[in-house]
Amino acid sequence: MEHQLTIYNTLDRKKELFVPLHAPHVGMYVCGPTVYGDAHLGHARPAITFDVLFRYLTHLGYKVRYVRNITDVGHLEHDADEGEDKIAKKARLEQLEPMEVVQYYLNRYHKAMEALNVLPPSIEPHASGHIIEQIELVQKILDAGYAYISEGSVYFDVAKYNKDHHYGKLSGRNLDDVLNTTRELDGQQEKRNPADFALWKKAQPEHIMRWPSPWSDGFPGWHAECTAMGRKYLGEHFDIHGGGMDLIFPHHECEIAQSVASQGDDMVHYWMHNNMITINGTKMGKSLGNFITLDEFFKGSHPLLTQAYTPMTIRFFILQAHYRSTVDFSNEALQASEKGLERLIKGYTLIKELNATNCDSDFDVKGLKQKCEEALNDDLNTPMVISHLSEATRYINAVYAGKAKISPADITILDSIFNIFLFNILGINKEQNTNSTEKEIQYQQAVDLLLNIRQKAKSEKRWEEADFIRDELEKIGFNIKDTKDGTKWHLKS
Ligand SMILES: [Zn+2]
């Protein structure tokens, strides 16, 4: 496979040429959602970023095994080692089985991802389905001497590990920084050092999600699942591990420590992280009142939204920024994306209507394909791809207006460039880019049109025709009322 794909490796803090361990196979692991609430913009970003990478690697000819996990146990509040399990808490509040909570939000997550045209991963393992693998991992770390048992729980011995290896190499922290920023929480007395993290937690009597283990009835620590499931499905060494930047510490740092402690080295070759999304310049958070779910975006049903946005507008908006830059949401920015995407799709539909001339094109169409590839090879520079496609759209419009020329061969190439880059790799689905409010307007206009025809029939005393239109509309379910201000209608509920 001839390509020059470079990706930014968080571990080395630089762009590196992507060389897979076992070409043509590529193993990619991305941390998936903790399913205890509806997906929001922050979930869309890693899903879309790594979807584009998945699509591009496939386009280059690789056979990608893409694993994206579902965290359905062990993720405690504040990402800490104490506090309540996020899913168990939701289950308790809503009086549901924990797995009912998981299934409900997982279904909704899948629906939102499908709307965003995010391809399903090759494997979507659940943490709760891999308890045995996690127990084995914990046992290996204990055997290697990097963990200890305390009151039925097992903790990773960060200080001991740090003597032999570097704890903090991914996040650029050292143990003193970690200690200075570690919050003192209840139950810390079980730990030898506040920086230690739980590999296995003994369940309190009221805790519903529990499994037997050599140490206690309990549940695995949050970080254990990704190491255990990554190894199970992708092997001891695999190519790419991705996720949001907020996962670098502690989650991914702990994953590296678990991996090195249990098998002697890190499993991952390239660590990739997408940046965060802010809303009107501030961090998104439930308590800040600016927490907008994807569903609310699609329906326009949040007070901060001035309208509904199609899933494709959201996708395009996210791809208009490089994945390592922050993205700031605002209605103005989304409206600009909506227009930008419309222009590209309109440009694409005009390609078929262009008149070719038997002379050279005024635009380097062949070079365009290479430019789009170069942009993607440069650490997935999607905004650059979009800018190249916008340039092509301006050229298409000029040809259409008779102000530029295109050769017959270049029309075919242009068509394939849009199909490859805009639709297959950036994953824009042109059929999905219709706004429901726009559809509603069209439907309202159609009913108004029928009523105008009826009005005309009435004024020309064609009573039979006028009554026919009213009766048929009523049969379909409309309520028609003639008032002194004209005919009013609504759908009977
Ligand atoms: Zn993870």
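**View 1. Helices α12 and α14 in the predicted model.** The axes of helix α12 (residues 365-377) and helix α14 (residues 408-425) come within 9 Å and cross at roughly 15°. Angles under 35 degrees count as roughly parallel, so α12 is roughly parallel to α14. The crossing in which α12 passes α14 is left-handed. On the α12 side, the contact is formed by Val-365, Lys-366, Leu-368, Lys-369, Cys-372 and Leu-376. Helix α14 contributes Asp-410, Ile-413, Leu-414, Ile-417, Phe-421 and Ile-425. Sorted by class, the residues of this contact comprise 9 nonpolar and 3 charged, with no polar residue. The model shown here and in the other views is predicted.

**View 2. Helices α13 and α14.** Helix α13 (residues 382-400) packs with α14 at an angle of about 155°, and their axes lie 11 Å apart. Because angles over 145 degrees count as roughly antiparallel, α13 is described as roughly antiparallel to α14. Here too the crossing is left-handed, with α13 passing α14. From α13, the residues Val-385, Leu-389 and Ala-392 take part in the contact. They meet Leu-414, Ile-417, Phe-421 and Leu-422 of α14. The contact of α13 with α14 consists of 7 nonpolar residues, with no polar and no charged ones.

**View 3. The open sheet formed by β12, β11 and β13.** This sheet has 3 strands in the order β12-β11-β13, and its pairing is mixed. Strands β12 (282-283) and β13 (327-329) stand at the edges; each has a single partner strand, and therefore one side of each is left without a neighbour in the sheet. Strand β11 (residues 277-279) pairs with β12 in the antiparallel sense, over 2 bridges. Within this part of the sheet, Ile-279 is placed opposite Thr-282 of β12.

**View 4. The surroundings of Gly-168.** Gly-168 lies in the loop that runs between α5 (158-164) and α6 (175-181). A residue is buried if 20 or more other C-beta atoms lie within 10 Å of its own; Gly-168 has 20 C-beta neighbours inside 10 Å and therefore counts as buried. Leaving aside residues up to four places away in sequence, Gly-168 touches Arg-173, Asn-174, Leu-175, Val-178 and Glu-253. Ile-256 is 88 residues away from Gly-168 along the chain, and the C-alpha atoms of the two are separated by 9.2 Å.

Methods: Residues are numbered from 1 along each chain as its sequence is written. This is a predicted model: local features need pLDDT of at least 70, side-chain atom pairs count only at pLDDT 80 or more; totals for chains, interfaces and linings use all residues. Two strands pair if DSSP finds at least two bridges between them. Helices (H or I, at least four residues) and strands (E, at least two) are DSSP runs, numbered from the N terminus. Axes are lines fitted to C-alpha atoms, for helices over the stretch in contact, and angles run from 0 to 180 degrees between N-to-C directions. Angles under 35 degrees count as roughly parallel, over 145 as roughly antiparallel, 65 to 115 as roughly perpendicular and the rest as oblique. A crossing is left-handed if the near helix is turned anticlockwise from the far one by less than a right angle, and right-handed if clockwise. Two residues are in contact if their C-beta atoms, placed from the backbone, lie within 7 Å. Ala, Val, Leu, Ile, Met, Phe, Trp, Tyr, Cys and Pro count as nonpolar, Asp, Glu, Lys and Arg as charged, and the others, Gly among them, as polar. A residue is buried if 20 or more other C-beta atoms lie within 10 Å of its own, exposed if 12 or fewer, and partly exposed in between; C-beta atoms are placed from the backbone.
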